[in-house]
Amino acid sequence: MAIIGALRADGRASNQQIAELLGLTATTVSTRIRRMEDADQLRVVAVSDFTAHGFNVLLRVSVSVEGRAASDVAHELATLPEVVAAHLVTGSYDIDMLVALQDFDDLTDFLLDKLSCTRGIRTLTPAVVVDIIKYKFDVAPIEGKA
């Protein structure tokens with residue numbers, strides 16, 4: 001847990017830096033990281049900021065599907081470069097997506113030219129994200145787990 005905490009604080013920290021921080025040897029840190037990676041308990045990834053890359057509009061789009069398998073529609077929508085995440089969901093909608101656009105000028109093109117042409121979409125319900133309260137990119141909330 002301490003190694004993961006150190007990597008969350010500084011993903012670029014070397015094994016030696018983590019070892020010094022935790023009072024371990026670099027070899028021990030390296031071995032434990034490798035063991036967690038091999039067990040699919042840890043994956044070190046880079047996360048970029050939407051606005052740092054010029055994406056100033058974040059959009060949630062809920063999709064209802066008709067006449068086609070929702071999974072097929074979701075896979076097709078997931079190929080669009082603007083789609084950051086696509087999920088099959090339960091409830092009033094079949095698919096929920098997170099979309100990143102550079103500015104509001106891209107909204108019409110995305111909704112009318114790209115999404116509305118996708119076969120099987122019955123309804124689209126877009127919602128502009130006005131503020132991000134929490135955005136955790138961690139794979140799993142592991143605090144308190146053994």
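User: What makes up the chain, in helices and strands?
Analyst: The chain has 5 helices and 4 strands. Helices (H or I, at least four residues) and strands (E, at least two) are DSSP runs, numbered from the N terminus. Their order from the N terminus is α-α-α-β-α-β-β-α-β. This is a predicted model: local features need pLDDT of at least 70, side-chain atom pairs count only at pLDDT 80 or more, and totals for chains, interfaces and linings use all residues. Residues are numbered from 1 along each chain as its sequence is written, and side-chain values use heavy atoms, without hydrogens and water.

User: Why is F104 called exposed?
Analyst: Its relative accessible area is 52%. Exposed means over 50%, buried under 20%, partly exposed in between (1.4 Å probe, protein chains only). So F104 counts as exposed. F104 lies in the loop between β3 (95–101) and α5 (105–115).

User: How many residues does the largest nonpolar core have?
Analyst: The largest nonpolar core has 19 residues. Such a core is a set of buried Ala, Val, Leu, Ile, Met, Phe, Trp, Tyr and Cys residues joined through side-chain atoms within 4.5 Å. V63, L77 and F110 are among those with the most contacts inside this core. β1 (57–65), α4 (70–78), β3 and α5 each supply at least two of its residues. β1 gives the most, with 5 residues.

User: Which residues does V99 touch?
Analyst: Leaving out residues up to four places away in sequence, V99 touches V57, L58, L59, V61, E82, V83, V84 and F110. Contact means heavy atoms within 4.5 Å.
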